[in-house]
Amino acid sequence: MPPVTKWVLIGFGEASPELKAAKNLHNFFTYVAVRVVTAQLESYNTEAHKELMDFVETHSLNDGDKFCAALMRESPRHKGLGILHLPYF
């Protein structure tokens, strides 16, 4: 039996299709998590909801990692929201 070889795909630019899909899913789940948290805050903490919506309006959700990093740096309240809610997704 011949030895198993690893296939290398050439021509996909900076990342493999699997890596691109994983990054897109990560960004999508960050978007969903933000929408869920804003919906929850709207019903029981309107002040935090307004602050988070203001933050979302000024920061892009296209890159989940950058968005989360900016959210954690913004304020202690946002940091607490990120720690409590975002890891569930």
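**Asking why: helices, rings and a core**

Guide: In helix H1 of this predicted model, the buried residues are Asn27, Thr30, Ala33, Val34, Val37, Thr38 and Leu41.

Visitor: Let's pick Thr30. Why is Thr30 called buried?

Guide: Thr30 has a relative accessible area of 6%. Buried means under 20%, so Thr30 counts as buried.

Visitor: And what is Thr30 in contact with, leaving aside its neighbours within four places in sequence?

Guide: Those contacts are Leu61, Gly64, Phe67 and Cys68.

Visitor: Which residues of H1 and H3 make the contact between these helices?

Guide: First, the axes: those of H1 and H3 come within 8 Å and cross at roughly 40°. That makes H1 oblique to H3. On the H1 side the contact is made by His26, Asn27, Thr30 and Val34, and on the H3 side by Gly64, Asp65, Phe67 and Cys68.

Visitor: How does the reach of H1 compare with what is expected?

Guide: H1 has 28 residues, and its first and last C-alpha atoms are 41 Å apart, close to the expected 40 Å.

Visitor: How many aromatic pairs does a search of the whole structure find?

Guide: Two. In one of them, the ring centres of Phe28 and Phe29 are 5.7 Å apart, with the planes at 50°, so this pair is tilted.

Visitor: Why is the pair of Phe28 and Phe29 called tilted?

Guide: Planes under 30 degrees apart count as stacked and over 60 as edge-to-face, with the rest tilted. At 50°, Phe28 and Phe29 therefore land in the tilted group.

Visitor: Are Phe28 and Phe29 buried or exposed, or in between?

Guide: In between! Phe28 comes out at 47% relative accessible area and Phe29 at 40%.

Visitor: Which residues make up the largest nonpolar core?

Guide: There are eleven, including Val34, Leu52, Phe55, Phe67 and Leu71. Helices H1, H2 and H3 each give two or more residues, and H2 gives the most, with four.

Conventions:
Residues numbered from 1 in each chain as written. Predicted model: local features only at pLDDT ≥ 70, side-chain atom pairs only at ≥ 80, totals over all residues. Heavy atoms only, no water. Core = buried A, V, L, I, M, F, W, Y, C linked by side-chain atoms within 4.5 Å. Buried < 20%, exposed > 50% of the residue type's maximum accessible area, 1.4 Å probe, protein only. Phe/Tyr/Trp six-rings, centres within 6.5 Å; stacked < 30°, edge-to-face > 60°. Expected span 1.5 Å × (residues − 1). Axes fitted to C-alpha atoms, helices over the stretch in contact; angles between N-to-C directions. Parallel < 35°, antiparallel > 145°, perpendicular 65-115°, else oblique. Contact = heavy atoms within 4.5 Å.
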